[in-house]
Structures are given as C-alpha cells and as structure tokens.
Amino acid sequence: MAILKREFIYVWYYFDVQLRQIFWYWVLGMAIGSLVSVFAKDRIHGLFAGMKNKKWGLLGIIPACFLGIASPLCMYGTIPIAASFRKQGMREDWLAAFMMASILLNPQLIIYSAALGTKALAVRIGSCFLCGLAAGLLVHFFYRDKDFFDFTGFSERAGKDVHPNLIVRYLLNFWRNFKATGGYFLLGILLSALFQRYVPQKMMVDVFGGNEAWGILMAATIGVPVYVCGGGTIPLLQQWLSEGMSLGSATAFMLTGPSTKITNLGALKIVMGMKRFLLYLAFVMSFSFLCGLAVNLFF
C-alpha cells in the first residue's frame, strides 16, 4: 500500500506539472476554435466555393491549402462540405489540397501546438501545408481526366451553430469543444506522466532521437494507433521532445497521426474506394517519412 501511494504521488506530481504548463493553451485553443467556427466558418467555406470561377489552374491548390488549414471542421464535417463544392464544379486537385490540409490542421490545433515551442509549431504548419500541396499535385497529374473522389450519398448537413443569440451560440460551440477534447486532453497528460515516471529517457533517445531514419519511421508508425485527438497528443509530444525525440520524428508523428485517425480513415475509405484509399495511405506514410528526414537535416 505504501508503494502504491508513493507511486501515485510521483505520477500526480508529473501530471500536475504538465497540466499547469499546457492547460491555458488548451483553453485558448478551444476559445479561438469556437470563434472561428461560429463567426468565420461560413466565410472561409464561401471563399473556397468562390474559387471555382477563378482561372488559377494548378496554382489554386495554394489558397486551397490555406483555407483547409483555416477551416475548423473535422473530416466528417469536411466531406459533406467538399461534396457540395464538387457538385458546384470545384476542381478535384483543389479539393484534394483543401481536404488534406483540413485533415492535418485547424486553428484550434495550431494553438494547442504552440505549447511545443515556436520551432515545432512552425514545422507543423509548414509540413501540413506542404502535404496539402503534394496531395493536390498528385491528384492533378495522375487523375487529371478521372474522378478521384466519389461523394455519392453525401450532402451538406445542417450546422449546429444556429442559436439566434451569438453569445449563446459561441458558448454552446465552446461546450461541444470541451466535451469532444477534454477527456483526450486529460488522458494525454496522464499518459505523459506515466511515460515520465516509468519510461527511461535513454529509451526515448535510442528509439526516436538523433537523425536516424529508423526513429522517424517508428514515429510515423506509432502515429497510426496512438493518435486519437490533437489536443490529447500535445502533452505526449511535449514530453517526448523534452526527453530526446528528434523534431523530425515528431513531425512524422504529427503528419501520420491525424491523417490515419480511425474516424478519418472510415470517411476517406467511403469517398475514395479501396484502390485510391490504399494509395492515400502509401502517400501519407511516404510523405511523413521524407518530411521527417528533411526536418532533421535542416533543423
């Protein structure tokens, strides 16, 4: 009993320290995410829908990536929107860039990721943007005359932010954000505390440290089963980076995690079909690995 009590005190200490470090990033992320969702979401999607009349050609994937990152929706929210864009005549390479960027990042996750430090935040934003560009380019060159997405059966759903009072609408959105991320956020801090207490720092350095390709590949691989919620992985990443994980390995994890999150995969499998879905997985893993190598090389 005394041993269990001592171990509980140790784990609680680590839990409390990290909670204090990143709690306000989480709150600020939810606050800003709800602001964007309530007051700017329609404007962002309207800007993207308006692009269909622009003659930008391949260059249109650039603003599509920016708008995808700015969109506050999860993938299950993005696909019905994308279906409506496609019905309006949106190019598929622009859609691919928008959807890929939207999967990887949103305003709320940007604020969460600030807890990892300026360099990690910049790398996350840059790598997600480049991944969206790469997705758009691949669809453009290999599916120029063929359909890549099949949105049959998908239609734009009615939004939840419909209360006539703007303050109430914002508070309801914030509450939904809290319910959706709170449990994962606390679970991430708990797992981080357990790692800090029971996983030797040398192990983290040996597996994920340095510039070794093996560490990047391992990080990309564990991003598949471990990643559940963006907010929940920030405490883990913060701890792993402090214990010796290379920035390249963290980058690979941040790319494969959201892009292979089980809920995202289920939605993407429906709109892509098996063959293109497997190509998507191969693209994500390859890009994450190469991006991790590049980050370790230059940073």
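I started with Gln-196, which I found in helix 7 (residues 166–198). Helices here are DSSP runs of H or I with at least four residues, strands are runs of E with at least two, and both are numbered from the N terminus. I noted that this is a predicted model, where local features need pLDDT of at least 70, side-chain atom pairs count only at pLDDT 80 or more, and totals for chains, interfaces and linings use all residues. Residues are numbered from 1 along each chain as its sequence is written, and side-chain values use heavy atoms, with hydrogens and water left out.

**Gln-196, continued**

Gln-196 counts as partly exposed because its relative accessibility is 29%. The cut-offs are under 20% relative accessible area for buried and over 50% for exposed, with partly exposed in between (1.4 Å probe, protein chains only). Next I listed its contacts, meaning heavy atoms within 4.5 Å. Leaving aside neighbours within four places in sequence, Gln-196 meets Tyr-14, Gln-239 and Glu-243. I also checked Val-11, which is 185 residues away along the chain. The two C-alpha atoms are 8.3 Å apart.

**Whole chain**

I counted the elements. The protein chain has 12 helices and zero strands. I then checked the overall dimensions. For 299 residues a compact globule would have a radius of gyration near 19 Å, and the protein chain agrees with 20 Å. That radius is taken over C-alpha atoms, and the globule rule is 2.2 Å times the number of residues to the power 0.38. The C-alpha trace spans about 65 × 50 × 30 Å along its principal axes.

I looked at burial and contacts next. Buried residues make up 51% of the 299. Of the contacts between residues at least 6 apart in sequence, 84% join residues at least 24 apart.

**Gln-108**

I moved to helix 5 (residues 107–113), which holds Gln-108. This residue counts as buried because its relative accessibility is 9%. Its side chain makes a polar contact of 2.7 Å with that of Tyr-112. A polar contact is a pair of N or O atoms within 3.5 Å; within protein, one must be able to donate a hydrogen and the other to accept it, and residues adjacent in sequence count only if both atoms are side-chain atoms. Beyond four places in sequence, Gln-108 is in contact with Gly-29, Met-30, Gly-33, Asn-177 and Thr-181.

**Asp-93**

I found Asp-93 in helix 4 (residues 92–104). Asp-93 is buried, at 5% relative accessibility. Not counting residues up to four places away, I listed Leu-58, Ile-61, Gly-136, Val-139 and His-140 as its contacts.

**Ala-134**

Helix 6 (residues 118–142) contains Ala-134. With a relative accessible area of 17%, Ala-134 is buried. Outside four places in sequence, Ala-134 touches Phe-283 and Phe-287. I also checked Thr-152, 18 residues from Ala-134 along the chain. Their C-alpha atoms are separated by 25 Å.

**Pro-258**

My last stop was Pro-258 in helix 11 (residues 247–259). Pro-258 is buried, with a relative accessible area of 3%. Its contacts, not counting residues up to four places away, are Ile-103, Leu-104, Tyr-227, Phe-253 and Asn-264. I compared its position with Met-204, 54 residues apart from Pro-258 in sequence. The C-alpha to C-alpha separation is 22 Å.
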